[in-house]
Each structure stands twice: as C-alpha cells, then as structure tokens.
Amino acid sequence: MSADTSVTLVLPARPEYLLLARLALTGLARPSEADEEALADVRLAVTEAAANACKHAYVDGVGDVTITFVLGDDGRLEVVVEDDGIGFERDGVADWRPDELGEEGMGLAIIRAVANEVEIGPRASGLGTRLCFTRSLRG
C-alpha cells in the first residue's frame, strides 16, 4: 500500500516567490507520469491562487502564504492555498461573475476552469482564506 505524497511551502506573500510553488509542483508531479497539459493547467491555477493571496490578503503586504500539494497514487492532486490575511466577503465569491470582469479578477475563473473541484472559505481558525482545488494529473 502506497501513501499520498505531500509538500507544504510557507512563503512570504510576495510575487517573486511564486516561482518556488511552480517548481515544487513540477518536482512533485514529474515522477507520477503526469500529463504535461494537465500539469501546465495546474501550474497556472497555483500561480493565480497564490498571486491572489499575495495581492489581497495583507493590507500592509506583510504575511505568509501556505501552499500544500497532496498527490495521490491515482494521480489526483489536491492544492490548498492559505493565508492569515483579512479574508473576503463570502457573498462576493458566491455572486462572482467572470463575464462582468475585465482582465483584473480572472484568477478565480482560471482556477475554476482547470480544476475538477474548487472550495473557497475561511481557514479552520476563522481567520484568513483557504482555497482548495483538485485536479487529476492523468489526462
């Protein structure tokens, strides 16, 4: 019986660190015979999710973003991006409509387009934001 493989990164909430998340994801997924197109889609979604946390979580720009990747033996990847920032209006996410936005605000649309499942809400502590999405890396 094999176990899931997981990697957790805690990064400063600054855009220059986003590349580290993409590299960690690639390193985790390559040995699993991941489909290259699926992996590219997930890298884009991870970048968007982490960029949203960097941009919106902390008023003063100081804080961390935690990114966890869990890859199952079946090729299913779960990605969790969390912060301890100011959070968001839940109604705003529920009523969110990509057709009413310009280029700004398209990150969530991208994540929803490439993921099989998406959940957004506060962290278990009630503070900050937790975005979780899953995607199969096998075609």
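**Briefing: fold, core and selected residues**

Residues 24 or more positions apart account for 63% of the chain's contacts with a separation of 6 or more, where contact means heavy atoms within 4.5 Å. The model is predicted, so local features need pLDDT of at least 70 and side-chain atom pairs count only at pLDDT 80 or more, while totals for chains, interfaces and linings use all residues. Residues are numbered from 1 along each chain as its sequence is written, and side-chain values use heavy atoms, with hydrogens and water left out.

**Overall fold**

- The chain has four helices and five strands. Helices (H or I, at least four residues) and strands (E, at least two) are DSSP runs, numbered from the N terminus.
- Along the sequence the pattern reads β-α-α-β-β-α-α-β-β.
- Of the 139 residues in the chain, 42% are buried. Buried means under 20% relative accessible area, exposed means over 50%, and partly exposed lies in between (1.4 Å probe, protein chains only).

**Nonpolar core**

- The largest nonpolar core holds 36 residues. Such a core is a set of buried Ala, Val, Leu, Ile, Met, Phe, Trp, Tyr and Cys residues joined through side-chain atoms within 4.5 Å.
- Phe 69, Leu 77 and Phe 133 have the most contacts inside this core.
- Two or more residues each come from strand S1 (5-12), helix H1 (18-29), H2, strand S2 (64-71), strand S3 (76-83), H4 and strand S5 (129-136).
- H2 gives the largest share of this core, nine residues.
- Leaving aside neighbours within four places in sequence, Phe 133 is in contact with Val 42, Ala 45, Val 46, Leu 77, Glu 78, Val 79, Ile 111, Ala 115, Glu 117 and Val 118.

**Packing of H2 and H4**

- Helix H2 (residues 36-56) and helix H4 (residues 107-114) have axes that come within 9 Å and cross at roughly 145°. Axes are lines fitted to C-alpha atoms, for helices over the stretch in contact, and angles run from 0 to 180 degrees between N-to-C directions.
- The H2 and H4 crossing is left-handed, meaning that the near helix is turned anticlockwise from the far one by less than a right angle; clockwise would be right-handed.
- From H2, Asp 41, Leu 44, Ala 45, Glu 48, Ala 49 and Asn 52 meet Gly 107, Leu 108, Ile 110, Ile 111 and Val 114 of H4.
- This contact has seven nonpolar, two polar and two charged residues. Ala, Val, Leu, Ile, Met, Phe, Trp, Tyr, Cys and Pro count as nonpolar, Asp, Glu, Lys and Arg as charged, and the others, Gly among them, as polar.

**Cysteines**

- There are zero disulfides in the structure, a disulfide being a pair of cysteine sulfur atoms within 2.5 Å.
- Cys 54 counts as buried because its relative accessibility is 13%.
- Cys 132 is likewise buried, at 5% relative accessibility.

**Selected positions**

- Glu 33 sits in the loop between H1 and H2. Glu 33 has a positive phi of about 60°, although it is not a glycine. With 71% relative accessibility, Glu 33 counts as exposed.
- Thr 66 belongs to strand S2 and is buried, with a relative accessible area of 15%. Not counting residues up to four places away in sequence, Thr 66 touches Thr 8, Leu 9, Val 10, Val 80, Val 81 and Glu 82.
- Arg 123 lies in the loop between strand S4 (117-121) and S5. Arg 123 and Asp 83 are 40 residues apart in sequence and 8.0 Å apart in space, C-alpha to C-alpha. Beyond four places in sequence, Arg 123 touches Glu 82, Asp 83, Asp 84, Gly 128, Thr 129 and Arg 130.
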